[in-house]
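Dear colleague,

Please find the structure below, handed over for your use. My findings follow directly after it.

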Amino acid sequence: MNKIFRSILFSFAISICLKGNNLIITNITRSGSNNDLITFNVSWENSWYVQGLPSNHDAIWVFIKFRECNTSGQWNHALLSTNMLDHSLSAGLAFAQPITTVDRWGNPGSHNTGAMIRRSNYGTGNIVNETVTLRVVGSTSGVPFNASTNYDIKVFGIEMVYIPEGPFYVGDGQSTYALFTPGTNPRAPYRVTSEASQTIATGLNGYPCTLPATFPKGYSSFYIMKYEITQGQYVDFLNTIDPAHAISRSYIYNGNMYNIQLTGGTYTTTQPNRAMIYLSFVDLLSYLDWAALRPITEMEYEKACRGPKDFVMGEYAWGTTSFIEAINFSGTTSGQEVCNNVGANLHFYGTSYNCSGGMFGSSNSGPVEVGVFARDNTTSREGTGAGYYGAMELSGNVWEMCIQVNVNNNNPNTSSSYMGIWGDGMLNNAGSYNVTSWPTVEWFCYKGGSWTSHQDRCRVSDRNDIGYGSSYYNSRYNNSSGRGSR
């Protein structure tokens, strides 16, 4: 599982775009009486759909971008038919959710922006060359998908993990500024038992904050990206938005195991499978809007780590307080990086900033490739550094920017107005996210620690890095990143 495969296919102005760990999309064709069917093969490794604990599955979020051939015009985000009979999957696959126009609250809109696809039957193993056919009915920008027009078509896939509905704890009674149950001393972790309005203490001077029913608390089911955003995924984003906007959303630099360059109008990276860094909060939200995903809240982050299990004081994403530092690596090809420290599960500032071997050379610093701790002979959470449901690198590697529960520290009792609405695949005229209910001045927080962090910052419930307001929205750091949900 520590091997990442990546390839590009150009055929008849149709291209493959695969991102994440082990996901490959090939053989893309366009057909149908109205030329509106997009067919492709999909493969990914170590898929699961289990009845026993953790009672969940992995999946891929698939979406399509198109533009007229031989032009430098705007890429459009495809809308898919909501009639599930218009689509087809081969026997090994199933739709994890129906494709619908309504948002997570049932409000109408253009939310038929992609398909969530999982393995069809209970079990585990590789998905190999299964066939997907999706019917395109238009685009979120209103540009039609004409039968007689030749298009450049790109199919993107992002690996996801299903987080089932259910109660869980936030806070651990120990970590810095951890969320807790109002009125308790010592501060007791708070048990989330519904998505209804409820009051939680923020952990900063014990201010109670009443969260409305619309704020995503993590009780309801959701999908979360299996891995942190990669440099390859972000390059795809830059290459399919307005070039003028891409300039403001990009950071051209080679260092800290990061390399994104602009040559001849095309963004490239030599390390597509390495976790993305130098992301600002606006960059993160814009990428998630483009992918028709949404940012996660700090409570959803803790649910993805801890699951339904009881809290452990000072725990990391794998549910214990112990860890093994990642220091030595091998592998000089992107996607083939291997950590040589037996049982390593945490990349942080321990012995040193620096790692060595393989792509790190004699001594270098920066994030590791996504999924690097998932070894073929290790299935335990602690052994792979996985969260309860199978999301990777939730502790360490890069900071995860999340929606903070309260608006800001000047109004600590006021809840965030975030409602968890999905992105629509488009950016605004300034090249930024355009979802009206997403934060524009509210504070955000960093969760999970990073390769530059002390071990305590990597704890599930640590909130030392909260309270980043609008003056930080465009700040880029060599350890900041994130992931999205749906």
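With which residue does Glu315 form a salt bridge, and how far apart are the closest N and O atoms? The partner is Arg306, and the closest N and O atoms of the pair are 2.7 Å apart. A salt bridge here is a side-chain nitrogen of Lys or Arg within 4 Å of a carboxyl oxygen of Asp or Glu. Both Glu315 and Arg306 are buried, where buried means under 20% relative accessible area, exposed over 50%, and partly exposed in between (1.4 Å probe, protein chains only). Through salt bridges that share partners, Glu302, Arg306, Glu315 and Lys447 are joined into one network.

Please note that this is a predicted model, in which local features need pLDDT of at least 70, side-chain atom pairs count only at pLDDT 80 or more, and totals for chains, interfaces and linings use all residues. Residues are numbered from 1 along each chain as its sequence is written, and side-chain values use heavy atoms, with hydrogens and water left out.

Helices

Helices (H or I, at least four residues) and strands (E, at least two) are DSSP runs, numbered from the N terminus. Helix 4 spans residues 298-306 and is mostly covered, with 9 of its 9 residues buried. Just after helix 4, Gly307 adopts a positive phi of about 65°.

Helix 1 (residues 231-239) is largely enclosed by the rest of the structure, because 8 of its 9 residues are buried. Its buried residues include Gln231, Tyr234, Asp236 and Phe237.

Further salt bridges

The search of the whole structure finds 19 salt bridges. One of them joins Asp36 to Arg135, with the closest N and O atoms 2.8 Å apart. This pair links distant parts of the chain: Asp36 lies in the loop between strand 3 and strand 4, Arg135 lies in strand 10, and the two are 99 residues apart. Asp36 and Arg135 are both buried.

Arg249 forms a salt bridge with Asp283, and here the closest N and O atoms are 2.8 Å apart. Arg249 is in helix 2 (residues 243-249) and Asp283 in helix 3 (residues 281-290), so that pair also links distant parts of the chain, 34 residues apart. Arg249 and Asp283 are both buried.

Strands and sheets

Strands of a sheet pair through backbone hydrogen bonds, either parallel or antiparallel. Two strands are taken to pair if DSSP finds at least two bridges between them.

Strand 4 (residues 37-49) is mostly covered, with 11 of its 13 residues buried. Strand 4 pairs with strand 3 (residues 24-31) in the antiparallel sense over 6 bridges, and Ile25 stands opposite Val42 in strand 4. The two strands form a hairpin with 5 residues between them, and Gly32 in the turn has a positive phi of about 100°. Strand 4 also pairs with strand 10 (residues 123-139), in the antiparallel sense over 10 bridges; there Asn41 stands opposite Thr131 in strand 10.

Elsewhere, 3 strands form an open sheet in the order 26-23-27, with mixed pairing. Strand 26 (444-447) and strand 27 (480-481) are the edge strands, each pairing on one side only. Strand 23 (residues 399-403) and strand 26 run antiparallel and are joined by 4 bridges, with Ile403 opposite Phe444 in strand 26.

With kind regards
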